[in-house]
Amino acid sequence: MDSAGEVLNRLNEKPGACAMIPNSARILMLSIVNPETERNGAATVTRGLLKLLEKPPLRAQVDCIPVRPDPRKYHRLAQVGSLIGSLASDLPAKAVFLHSRQFENKVQARLRTQRYDLVILNGSDLLGMSKCFPSSMPQIVVAHNIEHVLFNSQIQNLGWPHRSLKALLRRDCKRLEDFEWNGMRRSENVIFLSHQEAAYTARFCEGLRSATIPPLFDYKPCRQRNRKAGATLQLGYLGNFGWWPNQLGLRWFATQVLPHVKSPIRLNLFGHGSARAWKGDPRIVGHGVFEEMERVWDNCDFLICPSFSSAGVCVKMAEAIYNGIPVLATRDAARGLPLSSDPALILLDKPEEWVGFLDSIAARDLAGREVSEKIADRFSIDAHKDALQQFVTDVIARAASRGVAE
């Protein structure tokens with residue numbers, strides 16, 4: 001297969017080539033997150049994709065318009081309002097949550113004054129925005145999760161106070177499933193974060209063209225720590241603790257694992273909401289958000305990832321591995337990531353397995369290990385540059401060829 005640069009050069013040598021593919025592609029990205037200010041998993045993935053697009057030979061000029069400059073205030077109240085609003089809307093609640101006339105007007109104003117070769121819908125919750133673009137403009141959807149699968153998992157994990165809502169939520173989940181599959185079929189082109197989700201989607205969206213790009217990082221990794229555990233084992237848990245999968249994972253560890261561990265350990269929480277995430281045990285300490293990731297790694301012997309989500313990938317685990325940091329995780333946390341067996345990656349699912357491991361000499365041994373460079377480098381920007389740029393170039397070229405033929 002030709003590289004993205006070879007495709008660009010070949011097309012630009014043809015008559016009328018400048019109308020087909022420019023030397024620097026112009027891309028409009030509509031985003032569920034603001035990659036400049038947010039520090040959650042979706043924003044991390046978005047920053048990696050933007051850097052890939054801007055690298056040569058594609059050298060894309062990307063205008064990224066987030067739905068909101070900052071995360072929505074009173075998030076839970078807004079979610080309830082979106083669920084109620086969806087009852088009178090053609091959109092499911094997750095799409096209603098992001099929809100606004102102001103955002104639509106902003107996008108349409110940009111389209112009137114700028115020419116773009118491609119639109120990227122960064123998050124399948126934005127599939128309803130497809131109506132704003134001419135049919136001739138190619139689109140790519142970035143599927144951070146299979147949203148209806150994730151939503152169904154959330155419904156299954158609701159506590160008893162919310163059980164009366166389950167019937168309503170299940171109906172909305174079915175609407176979300178139809179919205180998601182129909183939108184992906186219209187778009188025709190999707191970027192997935194894992195091969196598992198690409199294969200799952202292909203069962204419902206025949207003929208879909210896709211690329212699989214895991215979470216990627218381009219800063220200098222913090223490897224070769226040569227760390228040894230002290231008298232108290234320092235565990236790290238990194239994430240947005242306002243997001244329910246992280247809340248679920250923390251609750252599982254704090255109630256089913258930690259009370260039964262006899263060895264001296266401390267759980268350090270890092271990220272949004274971590275300072276107030278758990279007050280029930282003095283061995284759990286919240287540190288808030290650290291802008292420098294090195295401070296996170298310096299404050300833990302290894303990372304834990306007790307994830308039970310059935311969709312998406314665990315971005316914080318990918319970032320730890322990129323930095324060579326050893327990890328204790330559930331298999332759900334590792335699902336979808338391009339991993340292979342490594343003594344610095346321990347995957348256990350049952351609470352008693354975690355307790356037994358943390359009380360053993362193996363836990364201290366894990367603190368001194370480092371993920372192999374071969375695995376860590378799978379999350380490097382350069383490892384996936386050609387694949388993503390080739391995919392984007394092919395999408396633009398296919399649309400341009402259709403336009404010339406018509």
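A: Let us begin with helix packing. Axes are lines fitted to C-alpha atoms, for helices over the stretch in contact, and angles run from 0 to 180 degrees between N-to-C directions. The model here is a predicted one.

Q: At what angle do the axes of helix H7 and helix H8 cross?
A: H7 (residues 147-156) and H8 (residues 166-187) cross at roughly 170 degrees, and their axes come within 8 Å. Angles over 145 degrees count as roughly antiparallel. The two helices, H7 and H8, are therefore roughly antiparallel to each other.

Q: Which residues of H7 and H8 make the contact?
A: On the H7 side the contact is made by Glu 147, His 148, Phe 151, Asn 152, Ile 155 and Gln 156. H8 contributes Lys 166, Leu 169, Arg 170, Asp 172, Cys 173, Leu 176, Glu 177, Glu 180 and Trp 181. By class, the residues of this contact of H7 with H8 divide into 6 nonpolar, 3 polar and 6 charged.

Q: How many of the residues of H7 are buried?
A: A residue is buried when its relative accessible area is under 20%. In H7, 7 of the 10 residues are buried, so this helix is largely enclosed by the rest of the structure. The buried residues are Glu 147, His 148, Val 149, Leu 150, Phe 151, Ser 153 and Ile 155. What covers them includes helix H5 (93-98), H8, helix H9 (195-202) and helix H10 (244-257).

Q: How are H10 and helix H14 oriented, parallel or perpendicular?
A: Angles of 65 to 115 degrees count as roughly perpendicular. H10 and H14 (residues 351-358) pack at an angle of about 70 degrees, with their axes 10 Å apart. H10 and H14 are therefore roughly perpendicular to each other. In this contact, Trp 252, Phe 253, Gln 256 and Val 257 of H10 meet Pro 351, Trp 354, Val 355 and Leu 358 of H14. The contact of H10 with H14 has 7 nonpolar residues, 1 polar residue and no charged residues.

Q: Which residues form an aromatic cluster?
A: Aromatic rings pair if their centres lie within 6.5 Å. The structure holds 11 aromatic pairs. Trp 252, Phe 253, Phe 308 and Trp 354 form one cluster.

Q: What is the phi of Glu 188?
A: Glu 188 is not a glycine, yet its phi is positive, at about 75 degrees. Glu 188 belongs to the loop between H8 and strand S5 (189-192), and its relative accessible area of 32% makes it partly exposed.

Note on methods: Residues numbered from 1 in each chain as written. Predicted model: local features only at pLDDT ≥ 70, side-chain atom pairs only at ≥ 80, totals over all residues. Heavy atoms only, no water. Helix = DSSP H or I, 4+ residues; strand = E, 2+ residues; numbered from the N terminus. Parallel < 35°, antiparallel > 145°, perpendicular 65-115°, else oblique. Contact = heavy atoms within 4.5 Å. Nonpolar A, V, L, I, M, F, W, Y, C, P; charged D, E, K, R; others polar. Phe/Tyr/Trp six-rings, centres within 6.5 Å; stacked < 30°, edge-to-face > 60°. Buried < 20%, exposed > 50% of the residue type's maximum accessible area, 1.4 Å probe, protein only.
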